[in-house]
Amino acid sequence: MKRKIRTLFVASEVVPFAKTGGLADVSGALPKALARLGSDIKVVMPRYYTIDKNTLEHIPMALGVDMGAMGELWAGVYRTYLPDSEVEIYFIDHEAFYGRSGLYHESEAYEDNDKRFVFLSKAALQLCRALNFKPDIVHANDWHTATLPILLKTSLHEDDFFKESASVLTVHNLQHQGVFGKELMNVLGVGWEHFTPMELEAMDNVNLLKGGITFCDALTTVSKKYAREIQTPEFGFGLDEHLRAHAHKLYGILNGIDYTEWNPSVDKYIAVNYDVDTLEKKKKCKQDLQKRFNLPQREDVPLIGFVGRFVTQKGIELIATVIDGLLEMDIQVVMLGNGEFWAENFFSQVAAGHPDKFGCYIGYSNELAHQIEAGSDLFLMPSLFEPCGLNQIYSLRYGTLPIVRATGGLDDTIVNYDPQTKEGNGFKFYHATPDALYHTVKWAVETYHQEKDDFLHMQKNAMREHFSWLDSGTAYLDIYKALYYHQKIQRYK
Ligand code: ADP
Ligand code: GLC
């Protein structure tokens with residue numbers, strides 16, 4: 001191909017500027033990989049209030065954004081680069097929509113989230129016009145930016161500027177679909193003829209993710225297993241039938257890992273750096289972690305870590321059900337997370353009741369997340385569903401063996417320990433039951449104590465694995481190129 005594929009990549013959160021979960025990690029890393037592989041890519045996100053304007057370059061332009069029934073609203077623009085790269089990231093500034101302390105909610109979801117993110121998508125397109133950047137590919141992520149593929153195939157289908165742009169929609173989590181009252185049609189500016197169950201409508205509401213799935217040219221999700229799972233009623237969150245209808249354009253591409261950030265040999269947050277050849281130093285990180293949580297600094301006790309949002313997806317009810325039983329074993333458990341109120345309370349109480357065995361930090365701390373990865377022997381991730389999951393992959397690099405439920409990306413990345421062959425990189429269970437979780441933790445703990453050589457062998461296996469963003473980026477770029485040529489061919493028809 002003679003020139004680089006021009007890509008507009010839009011997301012609601014991007015590391016290191018704003019993050020609530022893995023979407024931000026992906027949006028911070030994938031565009032850099034795509035740029036290295038030869039795409040001319042620009043990233044766009046909101047300029048949330050928490051992102052200091054003074055750290056960004058102000059671009060003297062005002063984007064007029066047609067918000068249909070709301071009239072024309074104006075956006076300011078800021079710019080900087082993704083760290084250690086030449087990838088430009090643009091920030092859409094709009095005080096009324098983004099001048100708040102949360103990304104999506106404070107105690108409750110903001111009631112104008114529909115407009116906030118329709119605005120983001122529309123402003124991103126206006127930005128392309130203002131920069132005269134005609135994207136070959138518009139890459140949207142989750143419901144927040146699913147408006148992009150919808151607009152490109154409806155109101156902008158014949159638009160001179162965008163008529164050759166193809167769209168990719170990546171579903172990071174099907175649970176969140178962006179479902180809003182049908183009045184949103186008047187803001188979207190998409191004809192009511194598209195308000196049908198085949199396109200945008202679900203139960204008399206607008207479902208933005210559904211619309212994105214309908215209209216995108218390629219649909220991706222973040223593991224192969226999840227790509228299959230979401231086509232079933234169990235994992236489809238009501239969209240399984242719609243996804244089966246669009247399965248011909250659905251691909252599963254596993255996320256990569258940013259090993260400049262998540263790597264015990266360079267990690268700046270952990271007590272001692274180590275790698276596969278100096279694994280014995282990991283015990284210093286364990287000591288440090290025990291100290292942080294005021295746990296007895298014992299080397300011989302298996303320390304199990306958890307980092308994640310306290311929501312049903314992550315299996316917190318399962319953990320809560322078995323925690324008393326687990327704590328009868330000679331183990332230590334540390335949990336970092338926040339989310340559902342009952343869970344925050346519950347795990348704080350467990351910590352109060354078992355100060356020598358269980359530590360818990362309610363809140364968000366990137367530093368502590370690194371320290372838990374490095375200091376734990378085992379990492380607990382009993383998710384009910386998990387599109388990809390990043391923490392289990394970080395754990396592998398830190399020689400911290402994951403205990404996971406075999407779902408989505410967890411199933412694709414973790415190979416169950418086989419006592420016969422002594423191979424594997426973790427411990428898996430299949431049924432989302434407290435019993436299965438309990439027995440798998442018990443099995444992992446027994447392996448830790450009784451099969452020390454196997455445990456060490458697995459740790460080393462795990463640390464040598466490599467989940468590269470360049471591999472994932474190559475898979476995305478293949479899709480981009482296929483769409484680009486398809487668009488070209490269509491023009492001659
Ligand atoms: P999800 O996106 O569903 O939350 P992932 O495993 O893909 O799950 O990504 C979660 C990301 O958020 C990881 O980088 C993890 O370290 C981070 N994370 C989650 N909760 C916390 C927390 N309380 N403190 C610090 N980091 C967290
Ligand atoms: C979502 C998923 C998680 C995935 C992340 C990044 O938040 O819950 O499994 O790793 O997106 O794709």
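Predicted model: local features only at pLDDT ≥ 70, side-chain atom pairs only at ≥ 80, totals over all residues.
Thr-7 has a bridge partner in strand S2, and that partner is Ile-41.

Strand S1, residues 5-10, is joined to S2, residues 39-46, by six bridges, and the two strands run parallel. Is S1 enclosed or open to the outside? Five of its six residues are buried, so S1 is largely enclosed by the rest of the structure.

S1 and S2 are part of an open sheet of nine strands, in the order S3-S4-S5-S2-S1-S6-S7-S11-S12, with mixed pairing. Which strands stand at the edges? They are S3, residues 57-66, and S12, residues 250-252; each has a single partner strand, so one side of each is left without a neighbour in the sheet. From one strand to the next, the twist averages 25°.

Further along the order we reach S6 and S7. S6, residues 137-141, pairs with S7 in the parallel sense over five bridges. One residue pair to look for is Ala-140, whose bridge partner in S7 is Leu-169.

Next, the helices on this sheet. Helix H6, residues 208-215, packs on it and touches S7 and strand S11, residues 218-221. The direction of H6 makes about 135° with that of S7. How many of the residues of H6 are buried? Eight of the eight, so H6 is largely enclosed by the rest of the structure. Among those buried residues are Leu-208, Lys-210, Thr-214 and Phe-215. At the start of H6, a side-chain oxygen of Asn-207 comes to within 3.2 Å of the backbone nitrogen of Leu-209.

Helix H3 lies across S1, S2, S3, S4 and S5, and runs at about 115° to S3.

Tyr-104 lies in the loop between helix H2, residues 95-98, and H3, residues 113-131. Is Tyr-104 buried or exposed? Its relative accessibility is 14%, and the cut-off for buried is under 20%, so Tyr-104 counts as buried. Leaving aside neighbours within four places in sequence, its contacts include Ser-12, Glu-13, Thr-20, Tyr-48, Arg-116, Phe-117 and His-144. For a sense of distance, Tyr-104 and Lys-314 are 210 residues apart in sequence, and their C-alpha atoms are 19 Å apart in space.

What does its side chain lie close to? A polar atom of the Ser-165 side chain is 2.6 Å from the backbone oxygen of Pro-135. Pro-135 is also on the contact list of Ser-165 outside its sequence neighbours, along with Asp-136, Val-138 and Gln-487.

Let me step back to the division of the protein. Domain 1 covers 5-256 + 470-491, and domain 2 covers 276-467. The C-alpha centres of the two domains lie 33 Å apart. Where they meet, 19 residues of domain 1 are in contact with 20 residues of domain 2.

There is another sheet to show. It is an open sheet of six strands, ordered S15-S14-S13-S16-S17-S18, with parallel pairing. S15, residues 358-362, and S18, residues 427-429, stand at the edges with a single partner strand each, so one side of each has no neighbour in the sheet. Here the twist averages 15° from one strand to the next.

Leu-336 has Tyr-361 as its bridge partner in S15. Helix H11, residues 341-353, lies across S14 and S15 and runs at about 145° to S15.

How many disulfides does the structure hold? Take Cys-388: the nearest cysteine sulfur is that of Cys-216, and it is 19 Å away. A disulfide is a covalent bond between the sulfur atoms of two cysteines. The cut-off used is 2.5 Å between the sulfur atoms, and Cys-388 is in no disulfide. With 2% relative accessibility, Cys-388 counts as buried.

That is the tour.

Methods
Residues numbered from 1 in each chain as written. Chains lettered and ligands numbered in written order. Heavy atoms only, no water. Pairing = 2+ DSSP bridges. Helix = DSSP H or I, 4+ residues; strand = E, 2+ residues; numbered from the N terminus. Axes fitted to C-alpha atoms, helices over the stretch in contact; angles between N-to-C directions. Contact = heavy atoms within 4.5 Å. Buried < 20%, exposed > 50% of the residue type's maximum accessible area, 1.4 Å probe, protein only. Polar contact = N/O pair within 3.5 Å; in protein donor to acceptor, adjacent residues only side chain to side chain. Domains from an automatic or database assignment.
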